[in-house]
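Here are a colleague's notes on the two chains, to be read slowly with the structure open beside them. Please follow each point on the model as you go.

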Amino acid sequence: MPEHYPLFYTFHFYFFGVIAIASAIAFVTRKSPVAAALWLVNTMFALSAEYVLLDAQFIGVMQVLVYAGAIMVVFLFVIMLLNLGHPSEIADARGKVPVFVATLIGIGLLSELMATSRSGVAWQYAVPWGFNAEQMGKYGAVGTIARPLFNEYLLAFELTSVLLLVAIAGAVVLGRRRETDAR
Amino acid sequence: MLAESLALSAVLFTIGVIGVLTRRNAIIIFMCVELMLNAVNLTFVAFSRYYGAAGQVFVVFVMTVAAAEAAVGLAIIIAIFRHRHSVNLQNINLLKG
């Protein structure tokens, strides 16, 4: 199906895509964990812009709030709590041979993913063109996600609460100090 | 924009894999896993334009799992740091036979 996008849209799509890739490369090459975490936050902001461009406004907001806001703050908090900036920790890249092997694996994986993504969309399963825009107009950006979430995926949604409970209990148990056991 | 989104997602996923394979700092490896999850989320959002909003629902679930994973993983890293005073994976080889 030929799709036409205005230049404004295409320009911003590629603009944020380049920012995301450049930040991701900066992220894996930084020596300091704090700098790496901040570059990853930049990648997530660029991805949130991509979500908005792909008509997923609610997911874009969630990306900023949950990923860039909550999860990365926890990461930065742990990095600073453990004081991971000192020189013995900083030189953490592996030797030449593992980097070479990792690059080869990466090129292989990338070509495989690219080849798979060329195969296109199975149109017989696709919703009719304009269906999403109609849903958005009817229920709004949040309602479009909330309706399937609380109808078809209600069981999964409820199970998510069990997952979060287990994760919280696990984090508390793992974070407990040994001295408190003895008391 | 589907092919471009999938290509961007593939590139970000590959960068995450290369990061996991080349770094030794456990926290940076964790952040690389988060980058891979983000790449997969981009795939879900790109496909949700063609297959309805279910893809965006999956993104919400992936975000929940990522949050739970970050909480437990960072607790494990803190516990390891208390024992070994390092998060360098070269020093953590207890499981090596």
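Predicted model: local features only at pLDDT ≥ 70, side-chain atom pairs only at ≥ 80, totals over all residues.

1. The axes of helix 1 of chain B and helix 2 of chain B come within 8 Å and cross at roughly 165 degrees. With the cut-off of over 145 degrees, the two helices are therefore roughly antiparallel to each other. As for the hand of this crossing, helix 1 of chain B passes helix 2 of chain B in a left-handed way.

2. Which residues make this contact? From helix 1 of chain B they include Leu2(B), Leu6(B), Phe13(B) and Val20(B), and from helix 2 of chain B they include Ile28(B), Met36(B), Leu42(B) and Tyr50(B). Taken by type, the residues of the contact between these two helices divide into 18 nonpolar, six polar and no charged.

3. Helix 3 of chain B covers residues 54-84, and its 31 residues should span 45 Å at 1.5 Å a residue; the end C-alpha atoms are 44 Å apart, which agrees with that expectation. Just after this helix comes His85(B), whose phi is positive, at about 55 degrees.

4. Turning to the contact of the two chains, chain B contributes 61 residues and chain A contributes 69 residues. On the side of chain B that touches chain A, the elements giving two or more residues are helix 1 (2-22), helix 2 (26-51) and helix 3 of chain B. Which of them gives the most to this side? It is helix 3 of chain B, with 21 residues. By type, the residues on this side of chain B divide into 45 nonpolar, 11 polar and five charged.

5. Chain A has eight helices and zero strands, and buried residues make up 23% of its 183 residues. Among the contacts in chain A between residues at least 6 apart in sequence, 52% join residues that are at least 24 apart.

6. Within chain A, helix 2 (residues 33-53) has 21 residues and reaches 30 Å from its first C-alpha to its last, close to the 30 Å expected at 1.5 Å a residue. Is this helix mostly covered or mostly uncovered? Helix 2 of chain A is mostly covered, since 15 of its 21 residues are buried. Just after helix 2 of chain A, Asp55(A) takes a positive phi of about 65 degrees.

Terms used: Residues numbered from 1 in each chain as written. Chains lettered and ligands numbered in written order. Helix = DSSP H or I, 4+ residues; strand = E, 2+ residues; numbered from the N terminus. Expected span 1.5 Å × (residues − 1). Contact = placed C-beta atoms within 7 Å. Nonpolar A, V, L, I, M, F, W, Y, C, P; charged D, E, K, R; others polar. Axes fitted to C-alpha atoms, helices over the stretch in contact; angles between N-to-C directions. Parallel < 35°, antiparallel > 145°, perpendicular 65-115°, else oblique. Left-handed = near helix turned anticlockwise from the far one by under 90°. Buried ≥ 20, exposed ≤ 12 C-beta atoms within 10 Å, placed from the backbone.
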